[in-house]
Amino acid sequence: MISRRDFVKWGAVVPALGTGWHGAFAAAPQGLDAMLVDTRFPGALDVADAPVPVLRFAGDVTNVWYDRLDARWRRPGFVLGGITGSDALFVLETLATHQGRRVVSRMALDLPRVNDVQAMRWIIAPHHKSVTA
Amino acid sequence: MTTPPGIDAATFADGLAAMRSAVGDEWVFDQPADLNTYRDFYSVLWGEPEEKLASAAVAPASVEEVQAVVRVANERRIPIYPISTGRNLGYGGSAPVLSGSVVVDLKRMDRVIEVNEDNCSALVEPGVSFFDMYRHLRESGSKLMMSVPDPGWGSLVGNALDSGGGYTVAGYRGHFEAVCGIEAVMADGELLRTGMGALPGSETWQQYRMGLGPCLDGMFRQSTLGVVTKMGFWMFPTPEAWLSGSVSVMRYEDLDELVRVANELEYGNLFNGMPGFSSPVLTQENPIAMAMIPEPEVMNRMVAESGVPAWSFSPNFYGPERVIREQWAYVKSRFEHIPGVQFAETGFVDLPLSPDDMERIHKPRFGIPSLEIFSVGSRGYGNFNPSDGHIWFSAVIPRSGQGIIDANRVMRAECERLGLDLFMFAPAVTCWTRSFVLFAAVPVYKDGRNEHLRDAVREIIRTCASHGWGEYRCPPAFMDDVMEAYSFGDHKLRRVNEQIKDALDPNGIISAGRYGVWPERYRHLRRDGGAA
């Protein structure tokens, strides 16, 4: 269950993310609390002026989840957008589900595959009553 | 609303209402979007009518709530399926074996109850993940090291109960081997503590495993007999250093001697870390999938032409540097009689690990949980993408050189004949004491190819059984087939398990069908129709 506040928050972001890599960041201030960037994909470093915190990793989500997301996902709120490989999204989605969150938007991006991994853009938002703001 | 088999809608609704009263409305899930998260995303039945699905899920937060849920289920004969964190991907995930069961999700029971530094032990609830435990140990400044599987996102309890394995020290890395003391809610809702935990006031629950009389810890391994709510573990004091070596030999004929001596050294405690056995010349093309072992003259010619060794044995040592260097020296001396043998020290680190070490080591070998394995495909290490899925085929084979050769050839030949892909294949994994386990990762699909896959896997299960090789663990779709292979005495093992099941859980509510043990009321659902 997603609260109205959260719905408005991430719902405003979804259409803008459709334009791809740069569009995603242009939309970020509209509702995301942070962005997660998989630096394996071209353009990943071109986010220096992103107006929300940008977390970076390169394929392996272990450190960014353990050091940053795990603690944050235990508390209510926090809408996370990301452009990552489909492999990383699978892992993040599984972890997020465990903590009452859902992938509320996902789309394959028209970016070159890296080692046969598809780039995805997505939003993970609070879902369960225990973490909705 | 989907209802469990044999349960009418009114009874089921009444049961869920009672469970809501016990755990809170927000912790009972019966909507499709919620239940979707309890699917087995690596299921070989994905999207098919036979896919194993939960009818509901309930997430209690305490032992008392678990007892209440079990009593509600028992009174109404509603089948339940407990999971710890449900991360057992490749072996079933969080989906029930009996479709329509109510998943009892224990993720909220995530307390590290005790870490005893002097006894080198821990007592935890089933929702404690390896990451949770690692964080607890780090933040408390513990001197202890745990053993973790790869990936490390699962539960200590769930992984041990399914006989998961890690990479560290003998006696610890076979995770059920390190269990000491279990608390479980039985089908009648009563609480059982095994071993010394049965003695009120005992301080030795995590010290002496057996207690008095039959040791009951094993009753809960891969079982259908209770909902485990606490589990004790022995833990390893963090060593001062780690050393890894390799012993390489250059002839096909040397494998038997390589394994024979390695076994003697390990069983004599001359090294304590997880050993590796491989064939460098047969893993040149794919380091995680050994090719078919050819005839001796062919393999020896490959070695001669490439200069790459035929076989390698990799002992690992944990302990004080001066001790493990002496052990390594002794280990080398025991192989010097093999012509052309080569030795190399392939790794050494002082503990605790430095930041540089953390970047270059395989973290699970040091008890550090990791999710890196999910990105191996991105490193060009095979074509693995975790969102596609796979299952594990895991058969126990003889711990000998001939065991490796026979298992490799039979498995490779069968997979080729049956058109079965493998993206990982290691015929001699050594997580478990004194065992070789043949590991093969079989890709699964979401596009209709799984029927062939299931038929092929079942044929391989039968083929392996004809050689005396049985799986120690398997996905739910194959549990009946694997248990069928353990047929000594007209399936006496299964029949005794069923007798115990019927005695302790007469309504057959807990984990029906898990590892081929069905309660009387559901025995007809066994793949062979419940024939004796």
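This is a predicted model: local features need pLDDT of at least 70, side-chain atom pairs count only at pLDDT 80 or more; totals for chains, interfaces and linings use all residues.
Mentor: Residues are numbered from 1 along each chain as its sequence is written, and chains are lettered from A and ligands numbered from 1 in the order in which they are written.

Trainee: What pattern does chain A follow along the sequence?

Mentor: Helices (H or I, at least four residues) and strands (E, at least two) are DSSP runs, numbered from the N terminus. Chain A has five helices and five strands. Read along the sequence, the pattern of chain A is α-α-α-β-β-α-β-α-β-β.

Trainee: What percentage of the residues of chain A count as buried?

Mentor: A residue is buried if 20 or more other C-beta atoms, placed from the backbone, lie within 10 Å of its own; it is exposed if 12 or fewer do, and partly exposed in between. Among the 133 residues of chain A, the buried share is 47%.

Trainee: How many polar residues are on the side of chain B that touches chain A?

Mentor: Two residues are in contact if their C-beta atoms, placed from the backbone, lie within 7 Å. On that basis, 18 residues of chain B are in contact with 21 residues of chain A. Ala, Val, Leu, Ile, Met, Phe, Trp, Tyr, Cys and Pro count as nonpolar, Asp, Glu, Lys and Arg as charged, and the others, Gly among them, as polar. The side of chain B that touches chain A divides into five nonpolar and three charged residues, with the polar ones numbering 10.

Trainee: Which element supplies the largest share of the side of domain 1 of chain B that touches domain 2 of chain B?

Mentor: The domain assignment, automatic or from a database, includes domain 1 (9-105) and domain 2 (112-237) of chain B. Their contact takes 14 residues from domain 1 of chain B and 16 residues from domain 2 of chain B. Helix H3 (63-76) and strand S3 (80-83) of chain B each supply at least two residues of the domain 1 side. The largest share of that side, six residues, comes from H3(B).

Trainee: How are H1(B) and H3(B) oriented to each other?

Mentor: Helix H1 (residues 9-23) of chain B and H3(B) pack at about 165°, with axes 9 Å apart. Axes are lines fitted to C-alpha atoms, for helices over the stretch in contact, and angles run from 0 to 180 degrees between N-to-C directions. Angles under 35 degrees count as roughly parallel, over 145 as roughly antiparallel, 65 to 115 as roughly perpendicular and the rest as oblique. H1(B) and H3(B) are therefore roughly antiparallel.
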